[in-house]
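The sequence and the model are shown first, and the description follows.

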Amino acid sequence: MDQFLQHVLNALILGGTYALLGIGLTLIFGIMRVVNFAHGELYAFGAYMMYLWVMVLGTNFYLALPLAVLLGVMLGALMEFVLLRKMRGADIDTTMLIMIGAWIALQNTQQLTWTGVAKSIDSPFPTSPLVLGSVSVSWNRLFVFIVALALIGATYVIINRTRLGKAMRATFQDRDTAALMGVDINRIYTATFALGSGLAAAAGALLGPVFVVYPTMGDLASLKAFAIVILGGLGSIPGATIGGFILAFMEELGAGYVSSGYRDAMGFLLIIIILLVKPTGLFAQKERIG
Amino acid sequence: MRLIEGKIGMMFRTLKTALAVLGATLLAATASAQDTIKIGVTQPLTGAFAASGNYVTQGAKIAEEQINAAGGVLGKKIQLIVEDNKSNPTEAVSTAEKLITREKVPVMLGAWSSTLTLAVMPKLEEYKVPMLVETSSSGKITTSGNPFIFRISPTSEMEAKAFSPLFKKMNIKKADFLATNNDFGLGASKEFSAAAKAAGVQVGVMETMDPKATDFSAQLAKIKASGSDTLFVTTAVEQITLILKQAKDQQVKARIITTGGSNSPDQLIQQAGDAANDSYHLVFFTPWFPEAVKNPDIAKRFVSLWNEKKYHVGGLTEGFRGWDGIYTITAAIKAAGKAEPEAIRKALWNVKVKGINGDIAFIKQGPAGKESAQNVPSVYLVKIAGGKVTRQ
């Protein structure tokens with residue numbers, strides 16, 4: 001029973017960051033129809049910026065966090081402006097190839113800048129964990145979980161309660177009609193990509209101090225994010241949130257009670273089953289045609 | 001008109017100078033190609049094992065400089081041709097092919113991880129070029145019948161055997177195992193659990209993890225529940241760092257012992273901090289107390305050369321492999337009297353080299369008639385206590 005409770009707690013904490021990763025990716029895909037292979041690199045970028053602020057420049061941890069996210073937002077906006085704006089209207093394969101190129105370029109730049117040696121980031125949290133009866137969790141992870149939930153909540157508010165969000169939703173439903181109604185499509189696209197990138201960078205900046213930071217850390221993050229998005233349905237934010245938690249529970253309980261060797265297979269097994277039963281994913285909105 | 005002629009004349013002169021420079025460089029290049037003996041090196045310089053691969057390469061390059069400063073071998077300088085295998089078995093095969101067919105190297109050093117080395121092995125047989133294996137520890141490498149393999153690093157079996165007396169000494173009653181899910185990790189878990197059983201130790205849970213994974217909460221929850229007193233961990237330093245930190249978060253009480261020698265205690269102290277304390281590590285070089293090794297003079301010289309270059313101090317436990325590898329290869333070239341693959345392969349069987357790890361010499365392993373060569377290296381156990389590496 002103790003073991004089960006520990007597994008549940010671990011899965012909850014892990015699910016929060018998975019959801020954060022998934023939302024950024026699903027947002028970009030839903031609104032822009034861009035398969036963002038560079039998503040994991042924004043995650044790594046966020047972690048490295050956290051390292052830069054905290055360990056190199058000696059900035060306060062809580063100040064470094066928004067700074068790292070802000071840099072992620074700026075990099076996202078820059079990437080959209082330089083790489084994607086010219087390709088507006090190009091088919092999904094073309095932009096996908098561009099993003100694969102961006103992924104490789106960013107990852108190698110990180111390797112060149114920071115070398116392959118893993119870096120660790122000091123955090124201001126106590127080193128002894130929070131003990132709740134028979135289970136325990138580190139303070140740092142609890143902090144990550146709470147901030148992740150807050151960011152997910154903030155994203156909902158932006159999408160559902162603001163003018164920008166309204167324009168984003170209109171663009172998601174029908175780009176051309178939205179443009180005809182006076183929505184500045186270019187601005188919406190840049191904002192969407194920047195927001196999605198910022199969420200990935202936030203996940204990296206939050207998890208950098210929990211794990212270690214190294215150039216290829218984004219690969220696994222990308223893989224998980226894609227799994228979550230497919231699980232929840234492409235373009236669906238509630239889908240990505242719930243998908244993140246489902247994946248975390250599958251992995252944690254699968255590894256705990258079936259076999260840890262197949263930990264990553266568990267998630268993908270579930271995806272196969274869901275796609276067989278409901279090919280659009282759990283919460284997909286109606287497919288847009290054309 | 002004259003002005004134009006002048007200009008043309010000047011252009012010609014510039015062109016001629018350019019040609020002369022180009023020609024000279026080309027000549028110099030051919031001259032140096034004739035004057036050097038090439039040694040191929042395939043290491044993971046990028047990707048998951050980038051840190052370790054770079055350390056081994058740095059160690060190998062220090063050896064190259066030292067050997068050349070002392071006059072080289074057979075009257076020629078040695079020249080390392082380093083290729084990046086990107087921590088990827090497919091790339092490892094192409095680097096080997098490129099080194100052998102395009103660079104025409106007569107001997108190679110590589111390829112860090114067991115999976116990468118196993119991928120390269122068929123190419124060695126195809127082109128009949130020997131390779132010195134500096135890090136990989138999977139038993140399969142020397143038992144599968146590839147006569148072009150010369151391994152200086154210990155097999156997991158040797159490591160487990162060296163550890164065997166310690167089961168009793170450290171009062172281990174029940175042990176769990178956590179290993180990275182590849183040839184290296186699975187091989188080590190198998191050998192160490194067998195050694196544990198032979199020593200009368202109860203084997204608890206045997207867990208694995210993806211080589212790229214960063215979260216081990218599920219595995220650690222299971223290990224915590226098993227109630228063992230000791231946990232054997234086999235993977236590279238990045239994952240060990242995370243396991244130490246996460247084991248502390250989940251209050252895993254078992255004492256952690258890491259195997260495989262790619263555990264860089266200095267890096268663990270730096271990155272896992274307090275969580276690294278009271279963990280034990282099997283290493284193949286002890287730069288913290290070079291006087292403890294078999295050839296302390298060489299070890300001390302290597303440590304001082306490494307520090308002179310301002311290389312990362314945590315890389316010493318990997319870097320020494322590159323040094324030992326290149327010195328062993330050079331000794332074989334010298335004994336062979338010529339830089340040809342078959343002559344070097346034959347000569348490698350008889351080399352006796354004073355290395356940083358100890359005295360290097362090869363014994364036969366694997367099926368008769370197609371034996372691979374295996375060195376019997378030294379294995380040391382160190383403990384991290386109070387943020388320092390201490391002798392055990």
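## Terms and basis

Two strands are said to pair if DSSP finds at least two bridges between them. Helices (H or I, at least four residues) and strands (E, at least two) are DSSP runs, numbered from the N terminus.

The model is predicted: local features need pLDDT of at least 70, side-chain atom pairs count only at pLDDT 80 or more, and totals for chains, interfaces and linings use all residues. Residues are numbered from 1 along each chain as its sequence is written, chains are lettered from A and ligands numbered from 1 in the order in which they are written, and side-chain values use heavy atoms, with hydrogens and water left out.

## Chain B as a whole

Chain B contains 13 helices and 16 strands. Along the principal axes, its C-alpha atoms fill a box of roughly 95 × 55 × 40 Å. Chain B has 392 residues, of which 58% count as buried; buried means under 20% relative accessible area, exposed over 50%, and partly exposed in between (1.4 Å probe, protein chains only).

A contact is defined by heavy atoms within 4.5 Å. Among the contacts in chain B between residues at least 6 apart in sequence, 70% join residues at least 24 apart.

## Two hairpins of chain B

Strands β13 (residues 362–365) and β14 (residues 372–375) of chain B run antiparallel and are joined by 4 bridges. Phe362(B) faces Asn375(B) of β14(B) across this pairing. The two strands form a hairpin with 6 residues between them, and in the turn Gly366(B) has a positive phi of about 95°.

Helix α3 of chain B (residues 89–101) has 13 residues and spans 18 Å from its first C-alpha to its last, close to the 18 Å expected at 1.5 Å a residue. The expected span is 1.5 Å times one less than the number of residues. The buried residues of α3(B) are Ala92(B), Thr95(B), Ala96(B), Leu99(B) and Ile100(B). They lie on the same side of α3(B), because they cover an arc of only 125° around the axis; the arc is that of the directions from the helix axis to the C-beta atoms. Their cover includes β1 (36–43), β2 (77–84), β3 (108–110) and α4 (114–127) of chain B.

Helix α10 (residues 265–272) of chain B is mostly covered, with 6 of its 8 residues buried. These are Pro265(B), Asp266(B), Gln267(B), Leu268(B), Gln271(B) and Ala272(B). They pack against α2 (50–69), α9, β10 (279–283), β15 and β16 of chain B. Gly273(B), which follows α10(B), has a positive phi near 55°.

## The interface between the chains

The size of an interface is often given as the accessible area lost when the parts come together. Chain A and chain B bury about 2800 Å² between them, 49% of it on carbon and sulfur atoms; this buried area is the accessible area (1.4 Å probe) that two parts lose on being put together, summed over both. In chain A, Val117(A), Phe211(A) and Ser260(A) lose the most area to chain B, together 17% of what that side buries. The contact involves 35 residues from chain A and 37 residues from chain B.

Gln250(B) lies in the loop between α9 (237–249) and β9 (255–259) of chain B and is buried, with a relative accessible area of 5%. Its side chain makes a polar contact of 3.3 Å with that of Asn10(A). Such a contact is a pair of N or O atoms within 3.5 Å; within protein, one must be able to donate a hydrogen and the other to accept it, and residues adjacent in sequence count only if both atoms are side-chain atoms. Not counting residues up to four places away in sequence, Gln250(B) touches residues of both chains, including Gln6(A), Ser136(A), Ser217(B) and Leu220(B).
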